[in-house]
Amino acid sequence: MPRKGKKVKNEEENNEWDGPDGTPGIPRGLQVMADWTPDLGRGFPYHKILATYNISKDDWRSFCLALSEPTSRWGKQQGIAYEVEKILDIAAEWDVQYFRLKGLIMRLDMPGEEKYGLDFMDLYYQKDGLNRKVFNVAHGFSGKLENAKTKESKNSKLSKVRLKGFESTRVVLEPLHVLDHRHLADTHGWTQWIEQCEYARHMRTEGRKKIVIDNKPWDFNTMDIKRVDRWPPSKHLYYDRFRGKQIIIEKSNGNGYFYSYSYFIPDPDSMDQRAIVNGACSILPCDEVSRTPIRRGPVGGDF
């Protein structure tokens, strides 16, 4: 029992963990949610545990700036849909040339990707303003709870955190020695990430073959569309909702009052043809993406 008057840290507020050897580290993996997913312009929050791996705030800031640099020339949110592959190329370079030298392996997981860690790694996110929190959804759900009311409240909170992670672009980090364990490397998504990086790098320099398998980079030429991807569709699907043009119409009602409305026209090569203004449509699971573009549902509906 804690002593009276002593503040007890809540599980989600505990910002330090012990690795297998008892020293501070990231034993379960860490997923850092973007502060603003639609264009990544606000970067990713720095967690102090990174200092354990000699990753400074300045280096982290440089990393975040590097990820957002490809979109800087666009000056609008839609630009990121056309630069996802460059962003992923940059992430792959930082993974090998910086993070692995620090003893970590790093990747980018996009909204809708959930299979490799969202339910068992620690999630780091911004709650209110600069109040940042760490949550482990799996540990939270499995923890002992005092009564049904407490359980319902906590489960609701855990579900919201999990959903926030699902809808966010995340920097995923884990100690490099995870690669020494084949099962962990496979189930934590690192085997897939390494294969994706190698494929993208190879096809950038040596050309590509047509691939038609689910969740492999699409060759849109097979659908009479001139677009060729080097990274798999799970990395593109969320941001493709911004691939197109937003048209703003201004009108007058004849009595001196003006009003405006807008609509969105997806590019023919967009994987998301739902045509929702500002990308305000549901985020779909995308770890295993079919090669069929998402079509618009019934008028007034979304799916």
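## A buried arginine

Let's start with Arg227, which sits in the loop between α6 (190–206) and β6 (244–252). Helices (H or I, at least four residues) and strands (E, at least two) are DSSP runs, numbered from the N terminus. This is a predicted model, where local features need pLDDT of at least 70 and side-chain atom pairs count only at pLDDT 80 or more, while totals for chains, interfaces and linings use all residues. Residues are numbered from 1 along each chain as its sequence is written, and side-chain values use heavy atoms, leaving out hydrogens and water.

Is Arg227 buried or exposed? Its relative accessibility is 5%, so Arg227 counts as buried (under 20% relative accessible area; exposed is over 50%, partly exposed in between, with a 1.4 Å probe and protein chains only). The Arg227 side chain makes a polar contact of 3.1 Å with that of Asp229 and another of 2.8 Å with that of Asp240. A polar contact is a pair of N or O atoms within 3.5 Å; within protein, one must be able to donate a hydrogen and the other to accept it, and residues adjacent in sequence count only if both atoms are side-chain atoms.

## An enclosed strand

Now look at strand β2 (residues 104–109): six of its six residues are buried, so β2 is largely enclosed by the rest of the structure. One side carries Leu104, Met106 and Leu108, and the other carries Ile105, Arg107 and Asp109.

Strand β5 (residues 170–175) pairs with β2 in the antiparallel sense over six bridges; pairing takes at least two bridges found by DSSP. Leu104 has Pro175 as its bridge partner in β5.
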